[in-house]
Amino acid sequence: MKMAQPARHQPTKVDEIVHELMVRDVMTDKLITVSPRVRVRELRELLRVNRISGLPVVDGDRMVGIISVEDFINCLASRENGSRVEDKMTREVKTVHADDPLVSAIAHFETTGLGRLPVIERQGGQLVGIITKGDVIAGLLRKLEIDFHQEEVHRHRASHIFEDIEADSTTLVFRYEVPGQEFERAGEASSRLRRTLRRLGLRPTLVRRVAIASYEAEMNLVIFTQGGRIEVHAQPSQIRVQVEDSGPGISDVEAALEPGFSTASDRVRELGFGAGMGLPNIRKMSDRLEIDSHPGDGTRLEMLFTRREMSCN
Ligand SMILES: Nc1ncnc2c1ncn2[C@@H]1O[C@H](COP(=O)(O)OP(=O)(O)OP(=O)(O)O)[C@@H](O)[C@H]1O
Ligand SMILES: [Mg+2]
């Protein structure tokens, strides 16, 4: 029998960082523990106040077990709430080491189905923290954010196409055709623009502002018109974006610029648009905005973005 060829595994960014991070980096080290002689009914407050679902049982400086909200509930159900933690706790505690790679803690969660794992030092076995799936997710997000920011700065330093062009001034022009009413393709033009500006090595914050404003303008083309065009004039320190369509036009531009003003249909609102925040957002992101529109005629938006920040972000 011919076996299906397994898809070649393409490691993702997450695959990379779960090996890079250690359990110590994401665990909670503010430990809340309970003594084995505490009565189970007293756990209720501990669990509620600390919003936790289980905790290590510690006798002196030794971990002797773990007790979870499930144990607590079982105990209540069998009306044994006079009993002590040591009678109801799990004594065989699965633990991980603080210097284990995060990937091994994740594997533990997967194979055991447990919700939390106490963390001990490899040397001496001292209890130093506890790790839950929530800690893993929070830790991954933190790390992704840090790495993403560093990559952005790096990318900005690495690529300087503009500086390679020898001229007194340089302008690059990009054009995007946006079909009207095609919701499946909505957002394509502004995504392509964002990627292009990034590759030019323009400042990430500038690129982000241009991309957000262009996205809003693109959505308006898709929603309210039969299509139009976005034209971008990029210079190293300033970007001009023109968005044009040939109808139906805006009857009261001042009103349309007010936050919350929208003529979007119910169908469009069901798709999640029509909060009336597009034009206000464009105004906020850009350094200058001009709108020229007449009902029955087309609409023309011109937005200007200049480098606002002096720092290297
Ligand atoms: N290109 C356009 N052609 C015709 N009317 C437009 C155009 N762009 C905007 N409008 C009008 O201006 C109003 C306000 O636009 P805005 O982008 O602020 O809000 P919205 O598109 O209704 O909602 P949101 O952008 O929050 O999804 C729209 O409801 C629409 O009536
Ligand atoms: Mg809009």
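**Reading the cores, the ligand shell and the overall form**

Mentor: The largest nonpolar core of this predicted model has 27 residues, and those with the most contacts inside it are Val210, Ala217, Ile230, Ile239 and Val241. The model is predicted, and local features need pLDDT of at least 70, side-chain atom pairs count only at pLDDT 80 or more, while totals for chains, interfaces and linings use all residues. Residues are numbered from 1 along each chain as its sequence is written, and chains are lettered from A and ligands numbered from 1 in the order in which they are written.

Trainee: Which element gives the most to this core?

Mentor: In soluble globular proteins, nonpolar side chains tend to be buried together. A nonpolar core here is a set of buried Ala, Val, Leu, Ile, Met, Phe, Trp, Tyr and Cys residues joined through C-beta atoms within 7 Å, where buried asks for 20 or more other C-beta atoms within 10 Å of the residue's own, exposed for 12 or fewer, and partly exposed lies in between, with C-beta atoms placed from the backbone. Helix 10 gives the most, with nine residues. Apart from this core lies another, of 13 residues, among them Val18, Val96, Ala98 and Val119.

Trainee: What does Ile239 touch?

Mentor: Two residues are in contact if their C-beta atoms, placed from the backbone, lie within 7 Å. Leaving aside residues up to four places away in sequence, Ile239 touches Leu206, Val210, Val232, Ala234 and Phe305.

Trainee: Which residues are the closest to ligand 1?

Mentor: A residue is near a molecule if its C-beta atom, placed from the backbone, lies within 6 Å of it. In this model 25 residues surround ligand 1, and the closest are Asn220, Ser262, Thr263, Gly278 and Leu279. Helix 10 (204-224) and helix 13 (278-285) each supply at least two residues of this shell, helices being DSSP runs (H or I, at least four residues) and strands likewise (E, at least two), numbered from the N terminus.

Trainee: Why is the protein chain more spread out than a compact globule?

Mentor: The protein chain comes to 13 helices and 10 strands. Its radius of gyration, taken over C-alpha atoms, is 29 Å, well over the 20 Å that the globule rule (2.2 Å times the number of residues to the power 0.38) gives for 313 residues, so the chain is more spread out than a compact globule. An automatic or database assignment divides the chain into domain 1 (13-139) and domain 2 (160-306), whose C-alpha centres lie 51 Å apart.
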